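This briefing is for a reader meeting the structure for the first time. Please look over the sequence and the model before reading on.

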Amino acid sequence: MSTREEDQFQVRKLEIFDKSKGFIEILQQLTVCNPLTDEEFDARFQEISSYGEDHVICVIEDNVSKKIVATGSVFLEKKFLRNCGKVGHIEDVVVDSCARGMKLGQKVIEFLTNHAKAMGCYKVILDCSVENKGFYEKCGFKQKEIQMAMYFN
């Protein structure tokens with residue numbers, strides 16, 4: 001990324017005003033995410049914020065368009081294992097389809113993994129599709145075991 005491109009994108013934590021900058025629309029490129037009223041967004045933002053550093057949502061804002069072009073989150077699981085260790089769980093990583101190929105996804109992963117490490121996690125884990133496996137390997141992740149899921153509608 002050139003210096004000009006570096007200046008164009010700001011990597012930071014989610015802010016309350018990011019709903020108006022296309023945050024929900026970015027999530028809709030990942031999976032089902034129904035539109036939220038401002039009140040619904042504000043309530044969920046306040047709830048997540050109440051967890052402090054244990055649940056962080058990263059966004060990348062395009063300083064030219066003033067739109068959110070990438071996001072991801074990490075939450076910390078506190079365990080009894082490994083001397084009451086902590087594990088970071090990365091979720092909901094997505095880059096706007098118009099902004100792919102600029103290493104923004106890697107910047108989101110770097111932000112989230114650095115946060116987990118700074119908070120004392122002994123590892124950070126995530127689930128991904130087979131199609132995204134190569135991307136995460138480039139970010140330093142290794143395939144381990146099998147993901148299982150049970151959905152409740």
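The points below cover the annotated span, the sheet, the nonpolar cores and a few single residues.

The model is predicted: local features need pLDDT of at least 70, side-chain atom pairs count only at pLDDT 80 or more, and totals for chains, interfaces and linings use all residues. Residues are numbered from 1 along each chain as its sequence is written, and side-chain values use heavy atoms, with hydrogens and water left out.

**Annotated span**

- An unreviewed UniProt entry carries the annotation "domain: N-acetyltransferase" for residues 14-153. UniProt positions are given in the numbering used here, feature names are shortened, and annotations may be inferred rather than shown by experiment.
- Residues 14-153 are 31% helix and 24% strand, and the end C-alpha atoms of the span lie 28 Å apart. Helices (H or I, at least four residues) and strands (E, at least two) are DSSP runs, numbered from the N terminus.

**The sheet**

- Five strands form an open sheet in the order β1-β2-β3-β4-β5, with mixed pairing. Two strands pair if DSSP finds at least two bridges between them.
- The edge strands, β1 (9-13) and β5 (123-126), each pair on one side only.
- On average, neighbouring strands of the sheet are turned by 25 degrees against each other, direction ignored. Axes here are lines fitted to C-alpha atoms, for helices over the stretch in contact, and angles run from 0 to 180 degrees between N-to-C directions.
- Helix α5 packs on the sheet and touches β1, β2, β3, β4 and β5, while its direction makes about 25 degrees with that of β3. Contact means heavy atoms within 4.5 Å.

**Strand pairs**

- Strands β2 and β3 run antiparallel and are joined by eight bridges; in this pair Val59 stands opposite Thr71 of β3.
- A hairpin is formed by β2 and β3, with four residues between them, and Lys66 in the turn has a positive phi of about 65 degrees.
- The pairing of β3 with β4 is also antiparallel, over eight bridges. Facing residues include Val74 with Ile90, Phe75 with His89 and Glu77 with Val87.
- By contrast, β4 and β5 run parallel and are joined by four bridges, with Ile90 opposite Leu126 in β5.
- Seven of the ten residues of β4 are buried, so this strand is largely enclosed by the rest of the structure. Buried means under 20% relative accessible area, exposed over 50%, and partly exposed in between (1.4 Å probe, protein chains only).

**Nonpolar cores**

- A nonpolar core is a set of buried Ala, Val, Leu, Ile, Met, Phe, Trp, Tyr and Cys residues joined through side-chain atoms within 4.5 Å.
- The largest core has 21 residues, of which Ile60, Val74, Ile90, Val93, Leu104, Val108 and Leu112 touch the most other members.
- At least two residues of this core come from each of β2 (55-62), β3 (67-78), β4 (86-95) and α5 (104-118). The largest share, five residues, is supplied by α5.
- Apart from this core lies another, of 13 residues, among them Ile26, Phe41, Ile48 and Ile57.
- Beyond its neighbours within four places in sequence, Val108 is in contact with Cys58, Ile60, Ala70, Thr71, Gly72 and Val93.

- Most residues other than glycine have a negative phi.
- Arg82 is not a glycine, yet has a positive phi of about 50 degrees. Arg82 lies in helix α4 (residues 81-84) and is exposed, with a relative accessible area of 61%.
- Cys84, also found in helix α4, has a positive phi near 60 degrees. At 54% relative accessibility, Cys84 is exposed.

**Two loop residues**

- Lys21 sits in the loop between β1 and α2 (23-28). Not counting residues up to four places away in sequence, Lys21 touches Arg12, Glu61, Lys66, Lys67 and Ile68.
- The side chains of Lys21 and Glu61 make a polar contact at 3.2 Å. A polar contact is a pair of N or O atoms within 3.5 Å; within protein, one must be able to donate a hydrogen and the other to accept it, and residues adjacent in sequence count only if both atoms are side-chain atoms.
- Leu36, in the loop between α2 and α3 (38-49), is partly exposed at 32% relative accessibility. Leaving aside neighbours within four places in sequence, Leu36 is in contact with Lys19, Ile24 and Phe41.
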